[in-house]
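Please look over the sequence and the structure shown here before reading on.

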Amino acid sequence: MMCQSEARRGPELRAAKWLHFPQLALRRRLGQLSCMSRPALKLRSWPLTVLYYLLPFGALRPLSRVGWRPVSRVALYKSVPTRLLSRAWGRLNQVELPHWLRRPVYSLYIWTFGVNMKEAAVEDLHHYRNLSEFFRRKLKPQARPVCGLHSVISPSDGKILNFGQVKNCEVEQVKGVTYSLESFLGPRTYTEDLPFSPAASCDSFKNQLVTREGNELYHCVIYLAPGDYHCFHSPTDWTVSHRRHFPGSLMSVNPGMARWIKELFCHNERVVLTGDWKHGFFSLTAVGATNVGSIRIYFDQDLHTNSPRHSKGSYNDFSFVTHTNREGVPMRKGEHLGEFNLGSTIVLIFEAPKDFNFQLKTGQKIRFGEALGSL
């Protein structure tokens, strides 16, 4: 009987032994990975992680039984060299296309992203020498009438991701996903030509921005899709006194990605313009994205975005208030302010009385010149 039972168990023992050795080998290899430096470990585990998420039916799930853990999807995406890819895309955009190739290339883009060329100042596709010129095309003067009845208008074409009052120093990039107001705008410093003093807490930071009693802080997030008009304009009559440039990542800012990555706007490269309007503090922030490292502010010739080298978490300040110009840069409502190279996000954060009302719905499409809200 014993011999029969051992005979029956023979194949099971051989199978267990066969499985045992690969697990030992995997543990040994994973042990070697754990002793490697962080960059080397990241490099060695990255291909396995990609296969883990791409292969069907959990083909690499057994690896988790021997101690291997895949890098999270967010960490995997953050490891993609988006700044390098964006610079390469920017150079490709500058390449002049042959005359015969312009119409098919631009027509494909128009069909893919639903571009309305009837609004363009120049409808002839052969006029645009390269993709960059096509992306930054101007509109006919009558294509975007500026609303004069409301105090704040949309600075660009796009989609409303979120809007409302700023609460607890947290701003929603999309519904349910927030980012820190101080992380986004950066700390207030004595060098800025604004009536603020440094804050020691979150509430006091918000209180610095609200300069008048009875006012509240509001925000509005507008996403520019690749097919939208890529220039942005002044949303109201205000004076720009300071610019802060945050070099950073260039991850996609489409609504799906904004739901996925918390504080996405704080990770990405951005240009924060701050100043004041008739009700107090006002700011407009242009947020970069993948293939949109180029952010241009027309009156700021010293601004250079998506540089090859930058320090993570750093920022560069520039004041438009000088000894000869004590006011800053005055901007009229609807005036040309800047442009993106493809499409990205505009974030408005401003102070206004408590009876300020937005004329918006989350998710709605909006065009430059249309009303955002008024008193």
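**Glutamate 339 and its surroundings**

In this predicted model, the side chains of glutamate 339 and tyrosine 298 make a polar contact with each other, at 2.8 Å. The points below begin with glutamate 339, which belongs to strand 13, and then turn to the positions that UniProt annotates as "active site" in an unreviewed entry.

*Around glutamate 339*

- Glutamate 339 has a relative accessibility of 5%, and because buried means under 20%, this residue counts as buried.
- When neighbours within four places in sequence are left aside, the residues in contact with glutamate 339 include Arg136, Lys138, His230, Phe232 and Arg296, and Tyr298 is also among them.
- Although glutamate 339 and histidine 233 are 106 residues apart in sequence, their C-alpha atoms are 8.6 Å apart in space.

*Positions annotated in UniProt*

- According to the unreviewed UniProt entry, the annotation "active site" covers Asp157, His233 and Ser344, and these residues cluster in space, with a largest C-alpha distance of 14.1 Å, although they are spread over 188 residues of sequence.
- Histidine 233 lies in strand 6, which runs over residues 231–233, and with a relative accessible area of 2% histidine 233 is buried.
- Among the residues that histidine 233 touches, not counting those up to four places away in sequence, are Pro155, Leu284, His336 and Phe368.
- Serine 344 sits in the loop between strand 13 (336–340) and strand 14 (345–353), and this serine is buried, since its relative accessible area is 0%.
- The unreviewed UniProt entry also places the feature "modified residue: Pyruvic acid (Ser)" at Ser344.

*Nonpolar cores*

- The largest nonpolar core has 32 residues, and those with the most contacts inside it are Phe232, Trp238, Ile346, Leu348, Phe350 and Leu372.
- Several elements give two or more residues to this core, including strand 5 (215–223), strand 7 (238–246), strand 8 (270–277) and strand 13, while strand 14 gives the most, with four residues.
- Tryptophan 238 touches, among others, Leu273, Trp277, Phe282, Leu284, Val329 and Met331, where residues up to four places away in sequence are not counted.
- Another core, of 27 residues, lies apart from the largest one, and among its members are Leu181, Phe205, Ile261 and Val347.

Definitions and conventions
Residues numbered from 1 in each chain as written. Predicted model: local features only at pLDDT ≥ 70, side-chain atom pairs only at ≥ 80, totals over all residues. Heavy atoms only, no water. UniProt positions renumbered as here; feature names shortened; annotations may be inferred. Buried < 20%, exposed > 50% of the residue type's maximum accessible area, 1.4 Å probe, protein only. Contact = heavy atoms within 4.5 Å. Polar contact = N/O pair within 3.5 Å; in protein donor to acceptor, adjacent residues only side chain to side chain. Core = buried A, V, L, I, M, F, W, Y, C linked by side-chain atoms within 4.5 Å.
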